[in-house]
Amino acid sequence: MRLRTLTLAAASGAALLAAGVLPANASGNPTPASTREGSVSAADLLAKVQSCSQISSGKYKTDDETSATIPVCGKNGAVFWKADMDIDCDGQRTTNCNEDRDPWYQDDTAFHQSDGKPLKAESLPYVVVPSSSSIWNYSSAGIKGGGVVAVIYNNKVEYAVVGDTGPTKIIGEASYATAKALGIDPDPATGGADSGVTYILFKNSKVSPIESHSAAVSLGDQLAKQFLQNN
C-alpha cells in the first residue's frame with residue numbers, strides 16, 4: 001500500500017544470470033529455471049494470454065515516472081496484465097521487511113490473515129492490485145482478497161494470493177516472497193524486475209486461510225487447468 005516516488009533499479013545482470021538457480025519456493029531448495037508449482041507449465045499459460053481484450057477503462061503506469069501503457073485484460077475465468085514487478089514488503093515486521101530495509105514500509109496490508117494480523121510479505125507470496133478507481137475496479141471484476149494469482153516470469157509459475165492494494169494509477173507489484181520464488185531480486189529498495197512478469201488472476205477464487213501457500217498452490221493448479229480448457 002505504498003506510493004512509490006522513486007524508480008526501482010533494474011535487476012542486476014548477476015541476478016538475472018542466477019535466476020536459474022535461485023529458489024523456486026520459500027524452502028530455499030535450489031531448482032532449475034523450468035521449475036513450476038503445480039502441473040501447468042508457464043508456456044501453456046502464456047499461450048492463452050498472447051492477445052488482450054482490454055477490460056480497464058484506461059491503462060496503468062508501472063512506476064510514477066513512466067507513461068500509462070499497461071491495460072487490464074479479460075479472459076474466461078480470469079483477468080491478466082503484463083508488467084514489471086516492484087517489491088511489496090508491507091505487513092508484519094520481519095528480518096527483511098521493516099522500516100530499515102524498505103523506504104516505503106507500512107505495517108499493514110489491505111487483507112489480513114485468519115487471525116486478523118497483517119500478511120507477512122517475506123514468507124507469503126502475494127500480489128498487489130491497484131486500488132479501485134475510474135480506471136478499473138478489481139472487485140467488480142470478481143477479484144477479491146485471497147484470490148489466486150498465477151505469476152509467471154522466466155519460465156516459472158508461482159501461485160500467490162491477492163494480498164494488498166496499491167496506488168490507483170500504478171500496476172505491477174508483488175511481495176518479497178513472490179519475487180524470491182521467481183528468481184527476482186526481492187530487495188524492497190533496489191530489487192524487482194523492469195518487465196516480463198505476467199499476472200493471471202482467477203475470478204471468484206479465494207484461498208482459505210489466505211496465509212496458506214500450499215492451499216494457494218492446490219487451488220491455483222486446479223484453476224489453471226480450467227483456464228486452459230476454457231480459453
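**Figure 1. Ser175, a buried residue in a predicted model.** Ser175 has a relative accessibility of 0% and therefore counts as buried. The model shown here and in the other views is predicted. Ser175 belongs to strand E6, which covers residues 173–175. A polar atom of the Ser175 side chain lies 2.8 Å from the backbone oxygen of Leu124. The side chain of Ser175 also makes a polar contact with the side chain of Thr178, at 2.9 Å. When neighbours within four places in sequence are left aside, Ser175 is in contact with Asp88, Ala121, Leu124, Pro125 and Tyr126.

**Figure 2. Asn154 and Asn155 in the loop between E4 and E5.** Asn154 is found in the loop that runs between strand E4 (148–153) and strand E5 (156–166). Asn155 is found in the loop between E4 and E5 as well. Most residues other than glycine have a negative phi. Asn154 is not a glycine, yet its phi is positive, at about 50°. Asn155, also a residue other than glycine, has a positive phi near 65°. Asn154 has a relative accessible area of 37%, so it is partly exposed. Asn155 counts as partly exposed because its relative accessibility is 43%. Asn154 and Leu182 are 28 residues apart along the chain, and their C-alpha atoms are separated by 7.7 Å.

**Figure 3. Helix H4 and what covers its buried residues.** Helix H4 consists of 18 residues, 213–230. From its first C-alpha to its last, H4 reaches 25 Å, which is close to the 26 Å expected at 1.5 Å a residue. The buried residues of H4 are Ala216, Val217, Gly220, Asp221, Leu223, Ala224 and Phe227. An α-helix has 3.6 residues a turn, so residues three or four places apart point the same way. The cover over the buried residues of H4 includes helix H2 (42–47) and strands E1 (73–75), E2 (78–88), E4, E5 and E7 (193–202).

**Figure 4. A cis peptide bond between Ser208 and Pro209.** Most peptide bonds are trans. The bond that joins Ser208 and Pro209 is cis, with omega at about -5°. Pro209 lies in the loop between E7 and H4.

**Figure 5. Salt bridges of Arg93 with Glu99 and Asp107.** The structure holds 4 salt bridges. One of them brings together the side chains of Arg93 and Glu99, with an N to O distance of 2.7 Å. Arg93 also forms a salt bridge with Asp107, in which the closest N and O atoms are 3.8 Å apart. Arg93 lies in the loop between E2 and strand E3 (126–130) and Asp107 in the loop between E2 and E3, so this pair ties together parts that are 14 residues apart in sequence. Arg93, Glu99 and Asp107 are linked in a network of salt bridges. Glu99 has a relative accessible area of 45% and is therefore partly exposed. Asp107 is partly exposed because its relative accessible area is 43%.

**Figure 6. The salt bridge between Arg101 and Asp187.** The side chains of Arg101 and Asp187 meet in a salt bridge, 3.8 Å from N to O. This pair links distant parts of the chain, 86 residues apart: Arg101 is in the loop between E2 and E3, and Asp187 is in the loop between helix H3 (176–181) and E7. Arg101 has a relative accessible area of 31%, so it is partly exposed.

**Figure 7. The largest nonpolar core.** The largest nonpolar core contains 60 residues. Within this core, Trp81, Met85, Trp136, Tyr199, Ile200 and Phe202 touch the most other members. The elements that give two or more residues to the core are helices H2, H3 and H4 and strands E2, E3, E4, E5 and E7. E2 supplies the largest share of the core, 7 residues.

Technical notes
Residues numbered from 1 in each chain as written. Predicted model: local features only at pLDDT ≥ 70, side-chain atom pairs only at ≥ 80, totals over all residues. Heavy atoms only, no water. Helix = DSSP H or I, 4+ residues; strand = E, 2+ residues; numbered from the N terminus. Buried < 20%, exposed > 50% of the residue type's maximum accessible area, 1.4 Å probe, protein only. Polar contact = N/O pair within 3.5 Å; in protein donor to acceptor, adjacent residues only side chain to side chain. Contact = heavy atoms within 4.5 Å. Expected span 1.5 Å × (residues − 1). Core = buried A, V, L, I, M, F, W, Y, C linked by side-chain atoms within 4.5 Å.
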